[in-house]
Amino acid sequence: MTSDSSAAGWQGWDAYAPFYDWENRRTIGRRDVRFWTDLAQRAGGTVLELGCGTGRLSVPVARVAPRFVGIDRSEPMLRRLRARIRRARLTDRTSIVRGDIRALPFRRRWRCRLVMAPYGMLQSLLSDPDLNATLEAVAGVLPRGGTFGIDLVPELPRWREYHRRVGLRGPLSGGRRVALIESVRQVREHGMTVFDQEFLEWRGRRRTVHRFSLAFRTVTVPQIAERLERTGFRVDAVLGDYAGEEWSPDAQVWIVIARRI
Ligand SMILES: C[S@@+](CC[C@H](N)C(=O)[O-])C[C@H]1O[C@@H](n2cnc3c(N)ncnc32)[C@H](O)[C@@H]1O
């Protein structure tokens, strides 16, 4: 684990990869899938997913998009996604890229119709320069009229802190069992919310402990809207749920749909 002052938002995900799908099947599940597949269908062209991870959304989106490109920095997360893409027979219209979203590694003239930043993805960018670099990189791959969809996890700084709470437990593939012990810390001096995760994994009687931390920050809807407008976007809609309800400050979901101008 790194100290909080040197934490980077891309850290922790390699260790999380074996447990990501297990945990998220029990948390977000498929709640946001329809929203993103609808947006991808309306975009009518290539879709780029920032921080595609293990492909929770990539596979359903790649099924409806003419072409899908996913980028992520974590190789263990991407390994799972590649296997899913092969099983779904989507390899011919899908590209998976290992890279950092702060400097998108595409050809100068490469363009897509929709960039999606789902499930708090931009909250892994822990500083203003990192967020600004990413917004600029996104502006660089969208043509005029192209869509940028952002889903933020609301108000992490208001989450109550707790220490070593035994959360989820249950069977994992291959006859293993797993339990999650989780702590939440607010590191106010760095504007971060840190999740310290400890996954206990049993194979028969043998137990392995996997420890890692994930750091996030919260950018408010007005803050992200202001930055988008500064970077060459117009905010078209702000939604408070995946069914298209209008946003309010206490909404459970913060979705911003912006258009490149
Ligand atoms: C919350 S997960 C989202 C995964 C997937 N999109 C989903 O909705 O289930 C965030 C992902 O962003 C990736 N990530 C974090 N910082 C990154 C960066 N700077 N560049 C590329 N990927 C990054 C992590 O490796 C992780 O897979």
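How many salt bridges does the count come to by this rule? The count comes to 18 salt bridges, a salt bridge being a side-chain nitrogen of Lys or Arg within 4 Å of a carboxyl oxygen of Asp or Glu. The structure is a predicted model, in which local features need pLDDT of at least 70 and side-chain atom pairs count only at pLDDT 80 or more, while totals for chains, interfaces and linings use all residues. Residues are numbered from 1 along each chain as its sequence is written, and side-chain values use heavy atoms, with hydrogens and water left out.

**View 1. Surroundings of the ligand.** The ligand is surrounded by 21 residues, and the closest are Tyr20, Glu49, Gly51, Arg56 and Asp72 (a residue is near a molecule if one of its heavy atoms lies within 4 Å of it). By class, this shell holds 10 nonpolar, 6 polar and 5 charged residues, where Ala, Val, Leu, Ile, Met, Phe, Trp, Tyr, Cys and Pro count as nonpolar, Asp, Glu, Lys and Arg as charged, and the others, Gly among them, as polar.

View 2. A polar side-chain atom of glutamate 49 lies 2.8 Å from a nitrogen atom of the ligand, and a polar side-chain atom of aspartate 100 lies 3.1 Å from a nitrogen atom of the ligand. Taken alone, the ligand exposes 600 Å², of which the protein buries 98% (accessible areas come from the Shrake-Rupley method with a 1.4 Å probe).

**View 3. The salt bridge of aspartate 100 and arginine 102.** Side chains of opposite charge can pair when their charged atoms come close. Aspartate 100 forms a salt bridge with arginine 102, with 2.8 Å between the closest N and O atoms. Aspartate 100 is buried, with a relative accessible area of 18%, whereas arginine 102 is partly exposed, at 26%; buried means under 20% relative accessible area, exposed over 50%, and partly exposed in between, with a 1.4 Å probe and protein chains only.

View 4. Glutamate 198 forms a salt bridge with arginine 164, the closest N and O atoms lying 2.9 Å apart. Because glutamate 198 lies in strand E8 (residues 192-203) and arginine 164 in strand E6 (residues 162-171), this pair ties together parts that are 34 residues apart in sequence. Glutamate 198 is buried, with a relative accessible area of 8%, while arginine 164 is partly exposed, at 41%. In the other pair, arginine 176 forms a salt bridge with glutamate 201, with 3.1 Å between the closest N and O atoms. Arginine 176 is in the loop between E6 and strand E7 (177-187) and glutamate 201 is in strand E8, so the pair ties together parts that are 25 residues apart in sequence. Arginine 176 is buried, at 16%, and glutamate 201 also counts as buried, at 6% relative accessibility.

**View 5. Threonine 37 in helix H2.** Threonine 37 lies in helix H2 (residues 33-43), where helices (H or I, at least four residues) and strands (E, at least two) are DSSP runs, numbered from the N terminus. Threonine 37 counts as buried, at 10% relative accessibility, and its side chain reaches the backbone oxygen of arginine 34 at 3.1 Å. Leaving aside neighbours within four places in sequence, threonine 37 is in contact (heavy atoms within 4.5 Å) with Pro60, Val61 and Val64.

Technical notes:
A polar contact is a pair of N or O atoms within 3.5 Å; within protein, one must be able to donate a hydrogen and the other to accept it, and residues adjacent in sequence count only if both atoms are side-chain atoms.
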